[in-house]
Amino acid sequence: MTAKSEPVQEELVLALPKGRILDELRPLLDRVGIIPEPEFDNDNSRHLKFKTNLPHLSLIRVRSFDVATFVAFGAAHLGVAGNDVIMEFDYSELYAPLDLGIGRCRLSVAEPVALSQTDDPQRWSHVRVATKYPEITRRHFAARGVQAECVKLNGAMELAPALGLCHRIVDLVSSGATLRANGLKEVEEITAVTSRLIVNRAAFKTRPEELHRWIETFREATHAP
Ligand code: PRP
């Protein structure tokens with residue numbers, strides 16, 4: 001007699017961003033029934049991939065921009081990324097079906113307070129901007145006929161004006177504390193930002209039921225009181 005084995009479910013990888021969004025994400029993971037292995041909560045851990053209570057579901061913890069890349073290339077099937085990251089890459093392989101309503105902030109243009117007192121953004125024709133978001137920045141300014149020369153930085157953009165790298169920056173603003181601490185003022189909002197559930201389009205075609213179920217589970221958990 002041959003033993004009839006259960007079909008083995010293929011691994012599903014969910015990519016999550018490191019940093020502050022993860023703190024906001026934890027209650028949502030609880031509500032959807034994902035319990036990561038204890039190592040996941042150890043900030044000093046060198047592990048990057050984690051098991052969960054669900055045998056077929058693994059988590060990876062990567063930089064926010066890399067979440068979009070892992071999912072777009074199908075290395076992860078699902079992920080959580082802000083619309084700032086989604087807009088910057090504009091990957092056609094990414095589908096963002098659900099706003100999770102967390103990670104609320106905005107992507108804005110800022111400049112030194114003293115400059116903002118006499119400056120009129122409507123008169124700009126060319127600006128040099130330090131940013132982690134060169135594509136969004138160029139598109140934003142091009143749409144109103146301003147040429148933006150972008151200096152790509154990966155963090156600490158707020159230092160750039162004081163050190164003479166440029167007068168303006170484009171960065172995320174949440175409480176505004178980092179701008180204030182560095183003598184900067186928000187002069188234009190480019191877009192409001194929240195975190196979205198993102199899905200690899202090819203995976204959505206090959207594993208539709210499973211991915212639909214996850215989207216619905218996240219949707220219910222997001223709207224739960
Ligand atoms: C983000 C952003 C700003 C800061 C804004 O950086 O780049 O520096 O938060 O927040 P605030 O308005 O509440 O001060 P984050 O701390 O996420 O780290 P990062 O520089 O690595 O992106």
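A salt bridge, as I use the term here, is a side-chain nitrogen of Lys or Arg within 4 Å of a carboxyl oxygen of Asp or Glu. By that criterion, in this predicted model, the side chains of Glu149 and Arg128 form a salt bridge, with an N to O distance of 3.4 Å. The pair links strand 8, which holds Glu149, to strand 7, which holds Arg128, across 21 residues of sequence. Glu149 is partly exposed at 35% relative accessibility, and Arg128 is partly exposed as well, at 37%.

The structure holds 12 salt bridges, and another of them joins Glu10 to Arg207, whose closest N and O atoms are 3.8 Å apart. Because Glu10 sits in the segment before strand 1 and Arg207 in the loop between helix 7 and helix 8, this pair ties together parts that are 197 residues apart in sequence. Glu10 counts as exposed, at 55% relative accessibility, whereas Arg207 is buried, at 11%. Glu10, Arg207 and Glu210 are linked in a network of salt bridges.

Let me turn to the ligand, which is surrounded by residues including Arg20, Lys132, Glu158 and Asp171. One of its oxygen atoms lies 2.4 Å from a polar side-chain atom of Arg20, and a ligand oxygen is 3.0 Å from a side-chain N or O atom of Lys132. Taken alone the ligand exposes 500 Å², of which the protein buries 68%.

Finally, helix 5 has Pro134, Ile136, Thr137 and Phe141 as its buried residues, and these line one face of the helix, because they fall within an arc of 165° seen down its axis.

Key
Residues numbered from 1 in each chain as written. Predicted model: local features only at pLDDT ≥ 70, side-chain atom pairs only at ≥ 80, totals over all residues. Heavy atoms only, no water. Buried < 20%, exposed > 50% of the residue type's maximum accessible area, 1.4 Å probe, protein only. Helix = DSSP H or I, 4+ residues; strand = E, 2+ residues; numbered from the N terminus. Arc of directions from axis to C-beta. Near = heavy atom within 4 Å. Polar contact = N/O pair within 3.5 Å; in protein donor to acceptor, adjacent residues only side chain to side chain. Areas by Shrake-Rupley, 256 points an atom, 1.4 Å probe, with all protein chains shown as cover.
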